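Colleague: I've got a model open and I'd like to learn how to read it. Can you walk me through it?

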Amino acid sequence: MKTVSDRSVTELAAEAGELNHQLIHALEQAGRITTPEIAAAFRATPRHLFVPDVELSEAYKDDYQPTDRDGDGRLLSSVSAPWLVAQMLEYLRPQPGNSVLEIGSGGYNAALLHQLVGDAGAVTSIDIDPAVTSRARRCLRAAGLEDAVRIVTGDGAHGVPDAAPYDRIEVTVQAAAIEQAWLDQLDPKGVLVVPLRVRGLGRLVALTPNGEGHYSGGGWLPCGFVAMRGEAASSTRMHALTPGARVRVDGTQPLDPEALAKALDTTGTPRWSGVEVGSSEGTRPVIDLWFATVLDTYGTLLTDPKESALRALPGGTPLTWTTDSTAAAYVTMRPVEEKSDRYEYGVILHGDDQALAETLVESLREWDRDHRGRPGPVLHVYDEGTDPATMALGRSLERPGAPMVLTWPKS
Ligand SMILES: C[S@@+](CC[C@H](N)C(=O)[O-])C[C@H]1O[C@@H](n2cnc3c(N)ncnc32)[C@H](O)[C@@H]1O
């Protein structure tokens, strides 16, 4: 099998051009690229130069390419998937002449950023891993862009203060918090795009400053990213419960895994909400985010249907529990009779706390009544030290770094 490095330059140019054309077309068809400037940047950036060790067709697949793993095989670095790179640029909207900071370097996205800001702009990219930065430099050199992008090795949690302020800051690694340094280094008219972990859920958000140490935004595209390393590293916890069932939790919350496992081992009682959704409506990500906001105790229940009788939804389902963990309830769905593409949301209660199930069912109805089909929550971020009394009223996400509050406006 021939890798990119084995082919002749002319052979490559023709094949790569065609594959890139097909990739861009598919991204446009899927609505991942909607801005002509972003399509043009993709056309001008041969992706195979940034993943030179794989087969040419692989380089233009709409998938991420792993570039580094730890001793246990966990992914540490990758060149991100084209659909996600495109969506992040759509959120970021870099303009000609902008100064941009990228946190997490693969080379490919930095090259696209250069195409978008042009020679009058500036791109700085920082990665914590020296192997990643040397690799990115090598790839940029192969693309003739070594002078177009400044690559820095260091912890991106501190940004790169010497070139601040930035018109755009794009974080390309999953962050559990918004770092004050990013806010400090963002131009007052700037945009900060971050794949944020919100109570264990990976979501892409775009934030803009509103003045007086307040930043707000949304977006909420579900996305998976490697987690941040260095000073801002933080991880979720996974607890094994009953056979084939686990819960993923984030942040500090009362949880006794043994008591919770005991509760989930009892027979569950379903309660249905009357909230019906279409199978192609795509409500799951927003329902997860809704419950992550409204529930005090919140985790994602993950089950293996071959081993577990619990009816968690594929990919994980919102789970809540009483503070002593002796009762729990989770979100589920059932097909609506005689409507092949309709499902009804409901709740399964384990244990005696009827109020727990009632709260979830009422929450489903509230979402349906007030928020369904609307843009979703607003993320408010404040400079460190802001008086909490001046902040929006909503779910505060307890993290180090800048305080964050999630609200769900009704209109
Ligand atoms: C998904 S990759 C970046 C992809 C890249 N932007 C591209 O062009 O496809 C995430 C990168 O973030 C880096 N990273 C992790 N923690 C970091 C930190 N604290 N500061 C800077 N980079 C970090 C990892 O080493 C990894 O290379």
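**Reading the model**

Modeller: Start with the ligand: the residues of the shell around it divide into 13 nonpolar, eleven polar and five charged. Here Ala, Val, Leu, Ile, Met, Phe, Trp, Tyr, Cys and Pro count as nonpolar, Asp, Glu, Lys and Arg as charged, and the others, Gly among them, as polar. Keep in mind that this is a predicted model, where local features need pLDDT of at least 70, side-chain atom pairs count only at pLDDT 80 or more, and totals for chains, interfaces and linings use all residues. Residue numbers run from 1 along each chain as its sequence is written.

Colleague: Which residues around the ligand are the closest?

Modeller: A residue is near a molecule if its C-beta atom, placed from the backbone, lies within 6 Å of it. In this case 29 residues surround the ligand, and S77, G104, G106, N109 and G156 are the closest. Two or more residues each come from β2 (75–79), β3 (99–103), α5 (108–117) and β4 (122–127). β2 gives the most, with four residues. Those labels are DSSP runs numbered from the N terminus: helices are H or I of at least four residues, strands E of at least two.

Colleague: Why is strand β13 described as largely enclosed?

Modeller: Think in neighbour counts: a residue is buried if 20 or more other C-beta atoms lie within 10 Å of its own, exposed if 12 or fewer, and partly exposed in between, with C-beta atoms placed from the backbone. Five of the five residues of β13 (residues 299–303) are buried, so the rest of the structure largely encloses this strand. Look at both faces: G299, L301 and T303 are buried on one side, T300 and L302 on the other.

Colleague: What does β13 pair with over four bridges?

Modeller: Two strands pair if DSSP finds at least two bridges between them. Strand β11 (residues 245–249) is the antiparallel partner of β13 over four bridges, and A245 stands opposite T303. Strand β14 (residues 317–321) also runs antiparallel to β13, joined by three bridges, with T300 opposite P318.

Colleague: And the open sheet, what is its strand order?

Modeller: Its ten strands go β5-β4-β3-β6-β7-β8-β9-β17-β19-β18, with mixed pairing. The edge strands, β5 (149–153) and β18 (395–397), each pair on one side only.
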